[in-house]
Amino acid sequence: MNSKGNSNGAAPDGGIDGAQATGYGGQRSAQHAARDAGLRAVAGASSRAGSRLAGVVAVLAGLAVALPAAAHPGHPDSGFTAGLLHPLTGLDHLLALLAVGLWSREQRHGAVLPPVFLVLMALGAACAGAGLALPALETSIAATVLLLGGLVACSPVLQRRLPAQVAVVVVGGCAFLHGLAHGVELAGAASGAGFLLTSAALMTLGALPGARLRRVAGAAIGAVGLCLLTGVVGA
């Protein structure tokens, strides 16, 4: 009776152990399958991001070739139409405006950044009209393109850690420099109004892409900013 009882008692134990082993093996297989799927997804995302980056860089390179080499002619333009077209004739200013629009989507209070840029840029233009001039201004503007593009390309974790006040100060400082540069090139309220209108439109355009494309575009803008800073590409 005891021997039979032991035999009957061993069968359930063996069945439980077998079931546990089978379940553990299935769990490991599922984990491996999930890991492999995750690796394939990451590889695919990296490939798509690389393709997008190459496309954005190609477009920006085309802009660098197509836009006039002398974006800042040194003599003032007048008229509303001249003001509308002016932000489109300088690669540095165009990319900075797009970068501000891109970065505004990454910040918790990013909606204030485009208005801050417009106000500080207008202030810089007014100071330029009053005779304020800074040395190496073109170099500083190229540095703003590199800075803004690099900030857009940062990971979301770093974006969330950046205080909103710092974002406002950075954007305001960059805008003031751009205003100083462009304030001596435009004459009259009509041209200034057109200039601000196109600048606002470009920042709005920059705010349209999705999160992944924003970071890719930011990296491309930062790369062009570095080329502007080193003189590889003309503004």
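**Helix contacts and a buried loop residue**

Biologist: Leaving aside neighbours within four places in sequence, which residues is Glu 106 in contact with?

Modeller: Contact here means heavy atoms within 4.5 Å. With neighbours up to four places away in sequence set aside, the partners of Glu 106 are Gln 159, Ala 211, Arg 214 and Arg 215.

Biologist: What are you working from, and which residues count?

Modeller: It's a predicted model, with local features needing pLDDT of at least 70 and side-chain atom pairs counting only at pLDDT 80 or more, while totals for chains, interfaces and linings use all residues. Numbering starts from 1 along each chain as its sequence is written, and side-chain values use heavy atoms, leaving out hydrogens and water.

Biologist: Back to Glu 106: is it buried or exposed?

Modeller: Glu 106 sits in the loop between α3 and α4. The cut-offs are under 20% relative accessible area for buried, over 50% for exposed and partly exposed in between, using a 1.4 Å probe and protein chains only. Glu 106 has a relative accessible area of 13%, so call it buried.

Biologist: What share of the accessible surface belongs to carbon and sulfur atoms?

Modeller: Buried residues make up 33% of the 235 residues in the protein. The accessible surface (Shrake-Rupley, 1.4 Å probe; for residues, only the protein chains shown count as cover) is about 12,100 Å². The share from carbon and sulfur atoms is 69%.

Biologist: And what fraction of the contacts with a separation of 6 or more joins residues 24 or more positions apart?

Modeller: Here's one such contact: Leu 202 touches Leu 98, among others. Over the protein, residues 24 or more positions apart account for a fraction of 87%.

Biologist: At what angle do α4 and α7 cross?

Modeller: Two packed helices are described by the angle between their axes and the distance between the axes. The axes are lines fitted to C-alpha atoms over the stretch in contact, with angles from 0 to 180 degrees between N-to-C directions. For α4 (residues 113-129) and α7 (residues 164-183), the axes come within 6 Å, and the angle is roughly 35°.

Biologist: Which residues does Val 116 touch, its neighbours within four places in sequence aside?

Modeller: Val 116 is in helix α4 and counts as buried at 18% relative accessibility. Its C-alpha lies 9.1 Å from that of Val 169, 53 residues apart in sequence. The contacts of Val 116 are Val 168, Val 171 and Gly 172.

Biologist: Are α3 and α5 roughly parallel or oblique?

Modeller: Their axes come within 9 Å and cross at roughly 30°. Under 35 degrees counts as roughly parallel, over 145 as roughly antiparallel, 65 to 115 as roughly perpendicular and the rest as oblique. That makes this pair roughly parallel.

Biologist: What does that contact of α3 with α5 look like by class?

Modeller: The crossing of α3 and α5 is left-handed. Its residues include Leu 95 and Trp 103 from α3, and Ile 141 and Leu 148 from α5. By class, that's 11 nonpolar, 1 polar and 2 charged.

Biologist: And how are α3 and α8 oriented to each other?

Modeller: The axes of α3 (residues 91-104) and α8 (residues 189-206) come within 6 Å, crossing at roughly 50°. The crossing is right-handed. The two helices are therefore oblique.

Biologist: Which residues does Leu 202 touch, not counting those up to four places away in sequence?

Modeller: Leu 202 is in α8 and counts as buried at 10% relative accessibility. Its C-alpha is 9.4 Å from that of Ala 99, 103 residues apart along the chain. Leu 202 touches Pro 87, Leu 88, Leu 94, Leu 97 and Leu 98.

How values were computed. Helix = DSSP H or I, 4+ residues; strand = E, 2+ residues; numbered from the N terminus. Left-handed = near helix turned anticlockwise from the far one by under 90°. Nonpolar A, V, L, I, M, F, W, Y, C, P; charged D, E, K, R; others polar.
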